Amino acid sequence: MFNRIVILMILFSFSGCFSEPNNSRGEGEQMVKTITPESAYKLVLENEGKDDFHILDIRTPAEYDDGHLEDAILLDYYSAAFEEELDKLDKNATWLVYCRTGNRSGKAMSIFERLGFHRVYNMGEGIVGWKRLEYPLVSD
């Protein structure tokens with residue numbers, strides 16, 4: 001009896017991990033959410049080497065050059081062509097997006113939704129939170 005209770009508890013604890021909310025536009029599943037730097041780090045490790053996972057740095061080129069996540073693609077949020085360039089990216093891939101503190105990336109989430117991206121994670125505290133936890137960065 002105890003084993004059944006433990007198994008049920010485990011199943012219920014994992015049941016919410018696999019569902020994603022549907023968008024209201026009827027275009028299939030869409031999930032855009034803000035996560036912590038700890039969760040972002042885990043996401044990066046879990047998706048290392050996967051072709052359908054990308055990291056998008058939406059800071060300025062100078063900020064990017066000062067240190068960024070490995071393999072991050074730079075797309076300056078302040079660029080006049082930001083939305084046009086964003087629209088060219090793979091909407092079916094999984095994206096981790098970050099800026100300096102989470103402000104720009106938080107604002108960009110509505111653009112990702114409107115453009116029809118399916119899975120986007122916003123690193124809420126941005127590179128500041130990543131650095132605070134002393135996670136690895138690369139510089140060009």
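## Exercises on a predicted model

The side chains of Arg 104 and Glu 63 form a salt bridge, N to O at 3.0 Å (a salt bridge is a side-chain nitrogen of Lys or Arg within 4 Å of a carboxyl oxygen of Asp or Glu). This is a predicted model: local features need pLDDT of at least 70, side-chain atom pairs count only at pLDDT 80 or more, and totals for chains, interfaces and linings use all residues. Residues are numbered from 1 along each chain as its sequence is written, and side-chain values use heavy atoms, with hydrogens and water left out.

**Exercise 1.** Determine which elements Arg 104 and Glu 63 lie in, and whether the two residues are buried or exposed.

*Solution.* 
- Step 1: Arg 104 belongs to helix 5 (residues 103–115) and Glu 63 to helix 3 (residues 61–65), so the pair ties together parts 41 residues apart in sequence. Helices (H or I, at least four residues) and strands (E, at least two) are DSSP runs, numbered from the N terminus.
- Step 2: Arg 104 and Glu 63 are both buried. Buried means under 20% relative accessible area, exposed over 50%, and partly exposed in between (1.4 Å probe, protein chains only).

**Exercise 2.** Locate Gln 30 and identify which backbone oxygens its side chain reaches.

*Solution.* 
- Step 1: Gln 30 sits in the loop between helix 1 (2–15) and strand 1 (31–35).
- Step 2: With 8% relative accessibility, Gln 30 is buried.
- Step 3: The side chain of Gln 30 reaches the backbone oxygen of Glu 113 at 3.1 Å.

**Exercise 3.** State where Ser 139 is found and which residues Ser 139 touches.

*Solution.* 
- Step 1: Ser 139 is in the segment after helix 6, and is exposed at 52% relative accessible area.
- Step 2: Not counting residues up to four places away in sequence, Ser 139 touches Asp 65, Asp 66, Gly 67 and His 68 (contact means heavy atoms within 4.5 Å).
- Step 3: The C-alpha atoms of Ser 139 and Leu 69 are 8.8 Å apart, although 70 residues separate them along the chain.

**Exercise 4.** Work out which strands pair with strand 2, and in what sense.

*Solution.* 
- Step 1: The chain has six helices and five strands, in the order α-β-α-β-α-β-α-β-α-β-α.
- Step 2: Strand 2 (residues 53–57) and strand 4 (residues 94–98) run parallel over five bridges (strands pair if DSSP finds at least two bridges between them). In this pairing, His 54 is opposite Trp 95.
- Step 3: Strand 3 is also parallel to strand 2, joined by two bridges, with Leu 56 opposite Ile 73.
- Step 4: Four of the five residues of strand 2 are buried; across the 140 residues of the chain, the buried share is 37%.

Methods: A polar contact is a pair of N or O atoms within 3.5 Å; within protein, one must be able to donate a hydrogen and the other to accept it, and residues adjacent in sequence count only if both atoms are side-chain atoms.
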